[in-house]
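Subject: Structure handover

Hello,

Here is the structure for you to look over. My notes on what was found in it follow below.

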Amino acid sequence: MECDEKLLRFRQAHLNPFNKQPGQGQHDQEAGDDLSCRDSLLGLSHGDPGFQCSERVMDLGLAEDHFSRPVGLFLASDIQQLRQAIEECKQVILELPEHSERQKDAVVRLIHLRLKLQELKDPSEDEPNIRVLLEHRFYKEKSKSVKQTCDKCNAIIWGLIQTWYTCTGCYYRCHSKCLNLITKPCVRSKVSHQAEYELSICPETGLDSQDYRCAECRAPISLRGVPSEARQCDYTGLYYCGNCHWNDLAIIPARVIHNWDFEPRKVSRCSMRYLALMVSRPVLKLREINPLLFNYVEELVEIRLRQDILLMKPYFITCKEAMEAHLLLQLQDRQHFVENDEMYSLQDLVDIQAGRLSCSLTEIHTLFAKHIKLDCERCQAKGFVCELCKEGDVLFPFDSHTSVCTDCSAVFHRDCYYDNSTTCPRCARLSLRKQSLFRGPSAEEQA
């Protein structure tokens, strides 16, 4: 009982820190004119009974004693109590001295009260965390500090007071209220089922073929800007409205393949997401699409190291040390380099033009050759000796001064191979061995 009485007296002594102290009367009288002027600008009246500050300030979380809740947590639970707390907090702000620490703290409390009121008003808090629409897989975002733009209504997403979703496949972002208005399927499904580029440069067909409507949302558009401006996508050649075409810039694959042109062009939002998902996919067979490109682009000739890496791959597959060292994972970002030497991705061409891919391949080629020729005895034992001159060091098929027999894969010095008009010695030896195998059973039958 004695402890409870002491606790009660302590709470009464610290009931409301905003109450005026006896020595502050003169200071408050001097600030009266400033407060009245500010009241008239803010539209708040001290005589309004709804603005009177009462002893319930502490109950609303505005008191700063040892028993109050932390900033941002309030005892008020329903909308009516929060509105009353907001009005009382306004009154407290008006009564406190200008630019004082208490006034700044009260303003922070007012902001928290307004955010809490908005959260109670927002019914989307009860929405599910996952929504599946038109092959989109939307997840409700938890971040409330990042400002994004809705891909559907082109309005800002205020994460503090609004619920929004992001598609995990194509990264389509939108408000929760805009989910049911989406009409475009997820481009991730198109990438998965039909991964190919439009290889014609801006294949325009005209607004009349689109019935003067946006290619995505079917909103009316025209080149005059009435009722909405028609914006052309340089990738598809189609026209879109301002909500579906934000003048995003992207590198066009068709211009790269045919003209070696890497200048970014304006594309629609849908094309932007599709190109972003396709940029690392090896779907371009350059020698079939434009074989003359290798004659005019010197950078492409420098990528001949891809062929050497393919010749090194059998050594690593059969080498225990190489498998334990995960040497082939040096190309984990470009796995197609260890599968073939024909396919390219758009990112490969961008890196070739910038000079990054050539330097990277040179370093990897040096590392691979060092393991085979110097570090690993097993790989060294798989080398070749030129059977034509029977001189020189051990040869490997990826050496620059060697030639490889297309039939038996034997390795020779390049000069020896082209100067010798006879057949490959290894091929001749294998042919004789096959003949002896066929002759053996027939000789036994005759006996």
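Start with the largest pocket. Helix H12 (305–317), strand S13 (402–404) and helix H17 (414–419) each supply at least two residues of its lining. H12 gives the most, with four residues. Helices (H or I, at least four residues) and strands (E, at least two) are DSSP runs, numbered from the N terminus.

Before more detail, the ground rules. This is a predicted model, where local features need pLDDT of at least 70, side-chain atom pairs count only at pLDDT 80 or more, and totals for chains, interfaces and linings use all residues. Residues are numbered from 1 along each chain as its sequence is written, and side-chain values use heavy atoms, with hydrogens and water left out.

**Confidence**

pLDDT is the predictor's confidence in each residue, from 0 to 100. The protein chain has a mean pLDDT of 78, and 77% of its residues reach 70 or more. Over residues 14–76, pLDDT stays under 50. Where pLDDT is low, the predicted coordinates should not be read in detail.

**Overall**

The protein chain has 18 helices and 14 strands. Of its 447 residues, 36% count as buried (buried means under 20% relative accessible area, exposed over 50%, partly exposed in between; 1.4 Å probe, protein chains only). Take contacts (heavy atoms within 4.5 Å) between residues at least 6 apart in sequence: 59% join residues at least 24 apart.

**Pockets**

The search ran on a 1 Å grid over the protein atoms alone: a pocket is an open set of points where a 1.4 Å probe fits, with protein on both sides within 12 Å along at least five of seven lines, and lining residues have an atom within 4 Å of a point. A volume is the space filled by probe spheres set on the points.

The largest pocket holds about 280 Å³ of space. Of the 14 residues that line it, the closest to its centre are Asp 308, Pro 397, Asp 399, Ser 400 and Arg 414. The lining divides into six nonpolar, four polar and four charged residues.

The second largest pocket has a volume of about 220 Å³. It is lined by 14 residues, and Lys 184, Val 187, Lys 190, Thr 236 and Cys 270 lie nearest its centre. Helix H6 (187–193) and helix H8 (269–278) each supply at least two lining residues.

**Cysteines**

The structure holds zero disulfides (a pair of cysteine sulfur atoms within 2.5 Å). For Cys 170, the nearest cysteine sulfur is that of Cys 186, 3.7 Å away. Cys 170 is buried, at 3% relative accessibility. Cys 359 is partly exposed, at 49%.

**Around S13**

Ser 403 lies in strand S13. Ser 403 is buried, at 8% relative accessibility. Beyond four places in sequence, its contacts include Phe 412, Arg 414 and Tyr 417.

Ser 409 sits in the loop between S13 and strand S14 (411–413). Ser 409 has a positive phi of about 65°, although it is not a glycine. Asn 154 also has a positive phi of about 65°. Asn 154 is in the loop between strand S3 (148–149) and strand S4 (156–157). Ser 409 is partly exposed at 44% relative accessibility, and Asn 154 is partly exposed at 34%.

Best wishes

Conventions
Nonpolar A, V, L, I, M, F, W, Y, C, P; charged D, E, K, R; others polar.
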